[in-house]
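Please read the points below alongside the sequence and the coordinates.

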Amino acid sequence: MEPLQIEQLSTRTPAVSADEILAGFAPTYRFGEVSFDSYRPDPAHPSQAAAVKALREFAVGVGTSSSGGLFGKLFGKKKDAGRAGIYLDGGFGVGKTHLLASLWHAVPGPKAFGTFVEYTNLVGALSFRKTVEALSTYKLVCIDEFELDDPGDTVLMSRLMRELADAGVKLAATSNTLPGSLGEGRFAAVDFQREIQVLADQFDVIRVDGEDFRHRGLPAAPQPVRADELNSRMKAEFEGKTVAVDDFPSLISHLAGVHPSRYRALLDGVEAVVWKGVTPVTEQAVALRFVVLADRLYDKDVPILASGVSFDQLFTPEMMAGGYQKKYFRAVSRLTALAREAQQHEPAV
């Protein structure tokens, strides 16, 4: 029997260079080998096959120079030349990320693939100007889970997309909110309508219909492991693996001192995590940082054993009903899947 190798996330302070951060902007292992051919459109929803066709055609144009930049596209002629970006709109679970990753795989580099939050974190880590300089040399920038949660992000992403489009970079995004409706219900979107409209005008919207699992509700979270059983369960479930074992409150405190752009590096080499004494997160800033960690754990398919409260009790009812509810529902769903993988050996999908 191989022994466990025990680590602690709460003692790690990874140093990551700009090049290393940018190198991480690629599809996760879940979408590491997908393609348009491996996507299976549902015949009951013709828009899925239509989306594949539109993306194949869009891929052909990636890397070709376009005259006039964004403003030429917005106010000039040649609408048939296509807009700077393509935007996949549809519910959860209809394959939008699969399609976006397929586009990324289908075109030559340099190219970037990341979530909306990862791009805002990139700006925080590098500065806006250095981010523009780096990404302006790319042929394609893919933005998964596009969502605007506050006015600052609205202005930031509006400027970033505008400058990249002017530099000839092609843009592709997914979301479950039409670009003209981004920000609704989160802040006074009407006050930022100009910025939102600039974003909307950069994309051709492609609808991807299908069964939306928002109507199914959250999956039932497994019961937390009893504190006195955690060590024995850890040894039984994670034999021979590198496991990060942390007291949950210490981990939460530690995350405040690690920039979210480094959370991927924080998990380097970790094959499973164990959290002792999970407690509800009550502060918004803390919760949003933790959502980023949940996303990185899900990206790397890291199973979780935890004692304390169950993950469906992790965020307060006010948070789950507030402006960031999509982020929190996604985090709970992903953490639940990783906990089920550890306890019930069900793959996290």
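1. The model under review is predicted. The protein has 14 helices and 9 strands. Of its 349 residues, 51% count as buried.

2. Range of contacts. Taking contacts in the protein between residues at least 6 apart in sequence, 87% join residues at least 24 apart.

3. Burial of helix α5. How many of the 11 residues of helix α5 are buried? The count is 9, so this helix, which spans residues 116–126, is largely enclosed by the rest of the structure. The buried set consists of F116, V117, E118, Y119, T120, N121, L122, V123 and L126. Among them is E118, a glutamate with a relative accessible area of 12%; its pairing is taken up in point 6.

4. The end of α5 and its crossing with α6. Just after α5, S127 adopts a positive phi of about 95°. Helix α6 covers residues 128–135, and its axis comes within 7 Å of that of α5, the two crossing at roughly 115°. The crossing of α5 and α6 is right-handed. On the α5 side the contact involves Y119, L122, V123 and L126, which meet F128, K130, T131 and L135 of α6. By class, the residues of this contact divide into 6 nonpolar, 1 polar and 1 charged. The four α5 residues named here, Y119, L122, V123 and L126, also belong to the buried set of that helix.

5. Salt bridges in general. Side chains of opposite charge can pair when their charged atoms come close. With a cut-off of 4 Å between a side-chain nitrogen of Lys or Arg and a carboxyl oxygen of Asp or Glu, the count comes to 16 salt bridges. Three of them are described in the points that follow.

6. R264 and E118. Which parts of the chain does this pair tie together? The side chains of R264 and E118 meet in a salt bridge, with an N to O distance of 2.1 Å. R264 lies in helix α11 (residues 263–266) and E118 in helix α5, so the pair ties together parts that are 146 residues apart in sequence. E118 is buried at 12% relative accessible area, whereas R264 counts as partly exposed at 24%. The pair also belongs to a network of salt bridges that links E118, R264, R296 and D299.

7. E57 and K53. An α-helix has 3.6 residues a turn, so residues three or four places apart point the same way. The closest N and O atoms of E57 and K53 are 2.7 Å apart. E57 counts as partly exposed at 48% relative accessibility, while K53 is exposed at 52%. The cut-off for exposed is over 50%, so the two residues carry separate labels with values of 48% and 52%.

8. R12 and E7. Is R12 buried or exposed? R12 is buried, its relative accessible area being 18%. Its salt-bridge partner is E7, and the closest N and O atoms of the pair are 3.7 Å apart. E7 counts as partly exposed, at 24% relative accessibility.

How values were computed. Residues are numbered from 1 along each chain as its sequence is written. This is a predicted model: local features need pLDDT of at least 70, side-chain atom pairs count only at pLDDT 80 or more; totals for chains, interfaces and linings use all residues. Side-chain values use heavy atoms; hydrogens and water are left out. Buried means under 20% relative accessible area, exposed over 50%, partly exposed in between (1.4 Å probe, protein chains only). Axes are lines fitted to C-alpha atoms, for helices over the stretch in contact, and angles run from 0 to 180 degrees between N-to-C directions. A crossing is left-handed if the near helix is turned anticlockwise from the far one by less than a right angle, and right-handed if clockwise. Contact means heavy atoms within 4.5 Å. Ala, Val, Leu, Ile, Met, Phe, Trp, Tyr, Cys and Pro count as nonpolar, Asp, Glu, Lys and Arg as charged, and the others, Gly among them, as polar.
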